[in-house]
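Trainee: Before we start, could you put the sequence and the structure up, so that we can go through them together?

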Amino acid sequence: MTKLKLAARAALLCATTLAAVALSTTGANADNEDRRVRIINNTSYTMQRFYASNVDTDDWEEDILGVDTLCPGRSLVVNIDDGTGHCMFDFKAVFNNGRSLVRQGVNVCRITSYTYTD
């Protein structure tokens, strides 16, 4: 085998290995759907809690913000992937004025951002 063919095979093997490592470290899911959504708070109030539960779940699950909050005018990228393969989720945001906003049936595989407004 010529040196050129050996170099080409080595380059191909390296590219294949790098691609596999990149997929494993980026958390690519089996269906290749991107479920990361930028949550934008364009309200006058601080978002204290945010929930996203797939439409087949009867529970709001855990508060995605945890101890953090999302101030007016700020945004946060959230990975909505719960491991079930669902794309349809219900969102619930709770604000410091006591108001909760619920949106049902959000397709997180098709959107890149979701904005809350007054």
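What follows is a short exchange about the disulfide, the fold and the surface.

Mentor: A word on the source: this is a predicted model, in which local features need pLDDT of at least 70 and side-chain atom pairs count only at pLDDT 80 or more, while totals for chains, interfaces and linings use all residues. Residues are numbered from 1 along each chain as its sequence is written, and side-chain values use heavy atoms, with hydrogens and water left out.

Trainee: Which handedness does the disulfide of Cys87 and Cys109 have?

Mentor: A disulfide is a pair of cysteine sulfur atoms within 2.5 Å, and Cys87 and Cys109 are joined with an S to S distance of 2.0 Å. Cys87 lies in the loop between β3 (75–79) and β4 (88–95), and Cys109, 22 residues apart from it, in the loop between β5 (100–107) and β6 (113–117). The torsion about their S-S bond is about -80°, so the disulfide is left-handed.

Trainee: Is Cys71 buried, partly exposed or exposed?

Mentor: Buried means under 20% relative accessible area, exposed over 50%, and partly exposed in between, with a 1.4 Å probe and protein chains only. Cys87 and Cys109 are both buried. Cys71 has a relative accessible area of 37%, so this residue is partly exposed.

Conventions:
Helix = DSSP H or I, 4+ residues; strand = E, 2+ residues; numbered from the N terminus.
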